[in-house]
Amino acid sequence: MTVVAPEHAMTPVYEFPDSLTSVPTHYCPGCTHGIAHRLIAEVIDELAAKERTIGVASVGCSVFACRYFDVDFGQAPHGRAPAMATGIKRVAPEALVFTYQGDGDLASIGAAEILHAAVRGENITVFFINNAIYGMTGGQMAPTTLVGQKTASSPAGRSLVGQGAPLRVSELLAQVDGAAFVVRRSLHDVVQIRRAKKAIRRAFEVQEQGLGFSMVELLSSCPTNWGLKPDAALDFIRDEMVPAFPLGDFKVPEAETAGAAGAGTADSSAAGADAAGSAVAGRARRG
Amino acid sequence: MARELLKGNVAFAEAAVRAGCEAYFGYPITPQTEALEHLSTRMPELGRTFVQAESEVAAINMVYGAAAAGVRTMTSSSGPGTSLMMEGLSYLAGSEVPAVVVDVMRGGPGLGNIAPAQSDYLQMVKGGGHGDYRQIVLAPSTVQELIDHTVLAFDLADRYRIVTVVLADGSLGQMMEGAELPPMRHLRLPGERPAWALTGAIMREPNLVSSIHLDPDEEEAFNRHLQAKYAEIAAAEVRFEEYRLEGARVAVVAFGTTARLAKTAITAARAEGLAVGLFRPITLWPYPEVQLRALVKRVDAMLVVEMNTGQMVEDVQRIVAERVPVRFFGRTGGVMPMPEEILEELRRSAHEAEAAHQEEVSA
Ligand SMILES: Cc1ncc(C[n+]2csc(CCOP(=O)(O)OP(=O)(O)O)c2C)c(N)n1
Ligand code: SF4
Ligand SMILES: [Mg+2]
């Protein structure tokens, strides 16, 4: 599937990534899971890594990621993808290993596994799709659900009392020495999507350089369970989620912080970058 | 290889190394921890993988990953830990990846204690995780068998793409005994990993290691496939031992350490002139059903002895189907049955059998 600009008849400006299969996804209209898939696949293509990439799908709406990516894939129990990826990476160190996890999966049931993968400096890359909800099971409260947000299991809105405030996983993991690269991006508009892609690329490069654990958190939409139209869902990310989950680089390898923001490929100029200042220099691990 | 004095836990850990285990993932728990400790030096020394996981939940999923990537891999634990592995074991079964689990059983339920028990028969043999699945379960009764079964477990796991459990108990794990370790096997080269494994899709279609079948018809077909595989294993891999069953009127049925204790009792009983012997299942799944059923015709009674309140006895009763009386004797909570106690039970069984026999003759 190639679309060419009329004035450059032979120059493709859009190609379907090799690293995606042609299986139509089951994602709802306006869901940004598909965008995240595409960005990851494009980066795998750019790194010419399709034949050495092994993905690990989680349990959530993205459980069938294993069918959409045209690379070797495992499918872990709910929350356990970082453990499964650990097992794979340890015996296939030359492979590019990534997990793809939702916020219920990663921040709730799998909180121990993600934390300790970071603690060990496990040389894997994690894509963390934060849509502030349990999408697959029909819109229950997630650890990332915003205060006051109504869900199927918090019908009165999430309350600080008894349910607590949303968990900011990137900020948490940035505290861990073994984490080499931890950033948050968003998928709500074209500029943010381009920044997200750069971060995805950088995260994979960190793994290829053997620097340790890398994670890109992506603020993502769930129009279906938010009860919003696709465009309103993107506005919800920008207006409600970004203030609660500031975009920015929470941990980047030392060389990049030392060389000032623009020097590295990590994009620390992301919108809402009040968190960028809090970036913690990462220790290079297992170089 | 020469015989040496080996502690059970160290012996099975080293046997795993020699059998070509490339990756071990575990979490400390008594009475199996010496295995984890042994491997924490041995595996890195050989350039292999050792990870002390954050929990048994993580450990079994690391095993899942390494198994999916096509290497020989294992974990070991005890009841509280194996309980945490049940979800993972179900996934391994549902995606047909091979792995070895050594369960060094202790007293339960709950935290229980660290003393030897056979508390996990139902959990491991019947499948404590969800879904219609089976795993091969081997029950060693000496340190030598613990070694041999660990090696066999890797071979069976690979042959059938199935989880194989070595079901030992705390006394076997802690005991020191003369035994011989196997020679070091060659490790699988990266290019020799199985064709279905996740190795990077070079010159082939991508592989998928997954247990999901959303379509019920597809899931049913997959389950039928699993059942056909299980039937093949049941036909080919049954293992058992008969001990002094010639002329026996009463058969003790016991596995693992209990079978060993029963042998002592049987020797004493034979000295008293009691016609008793032992039937010892070595594979708890597949269970030696045909052989036990055949035994019904040869003896007048059976005595099942276990270190629990009666788990395997349910299988014996099912197979015997009331054709001969089945008594049960068990000690539990970490208490081991003493040979004298078993002997006492044997006398009772023998006398009951004799009385029944006399009744039949006079009738
Ligand atoms: C052990 C276990 N508990 C619960 C479930 C049910 N379950 C499936 S997906 C899911 C939540 C997924 O939410 P998230 O990870 O945020 O992914 P999303 O669907 O939002 O992308 C739950 C609770 C399960 N499959 N396994
Ligand atoms: S339920 Fe939400 S997260 Fe799941 S596919 Fe639909 S929009 Fe996406
Ligand atoms: Mg979610």
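Reader: How many cavities of 30 Å³ or more does the structure hold?

Author: The structure holds one cavity of 30 Å³ or more. This is a predicted model, in which local features need pLDDT of at least 70 and side-chain atom pairs count only at pLDDT 80 or more, while totals for chains, interfaces and linings use all residues. Residues are numbered from 1 along each chain as its sequence is written, chains are lettered from A and ligands numbered from 1 in the order in which they are written, and side-chain values use heavy atoms, with hydrogens and water left out.

The terms come first. Rolling a probe the size of a water molecule over the atoms shows where empty space is left. On a 1 Å grid over the protein atoms alone, a cavity is a set of points where a 1.4 Å probe fits but cannot get out; a pocket is an open set with protein on both sides within 12 Å along at least five of seven lines, and lining residues have an atom within 4 Å of a point. Grid points are joined across faces, edges and corners, and a volume is the space filled by probe spheres set on the points.

The largest cavity has a volume of about 30 Å³. Its lining consists of Val71(B), Arg72(B), Thr73(B), Pro98(B), Ala99(B), Val100(B), Phe154(B), Ala157(B) and Asp158(B). Two elements of chain B, β5 (99-105) and α7 (143-160), each give two or more residues to this lining. The largest share, three residues, comes from α7(B). Here helices (H or I, at least four residues) and strands (E, at least two) are DSSP runs, numbered from the N terminus. By class, the lining of the largest cavity has six nonpolar, one polar and two charged residues. Ala, Val, Leu, Ile, Met, Phe, Trp, Tyr, Cys and Pro count as nonpolar, Asp, Glu, Lys and Arg as charged, and the others, Gly among them, as polar.

Now the open space. The largest pocket holds about 340 Å³. Of the 19 residues that line the largest pocket, Ser90(B), Gly94(B), His130(B), Ser211(B) and Glu219(B) lie nearest its centre. Helices α5 (86-94) and α9 (216-236) of chain B are the elements that give two or more residues to that lining. Its residues divide into ten nonpolar, seven polar and two charged.

Ligand 1 has its own surroundings, where a residue is near if one of its heavy atoms lies within 4 Å. Residues from chains A and B surround ligand 1, so the site is shared between chains. There are 17 residues around ligand 1, and Cys61(A), Asp103(A), Gly104(A), Asp105(A) and Gly135(A) come nearest. Helix α4 (residues 103-109) of chain A gives the most to this shell, with four residues. For polar contacts, a pair of N or O atoms must lie within 3.5 Å; within protein, one must be able to donate a hydrogen and the other to accept it, and residues adjacent in sequence count only if both atoms are side-chain atoms. An oxygen atom of ligand 1 is 2.4 Å from a side-chain N or O atom of Asp103(A), and one is 2.9 Å from a side-chain N or O atom of His33(A). Gly135(A) places a backbone N or O atom 2.8 Å from an oxygen atom of ligand 1.
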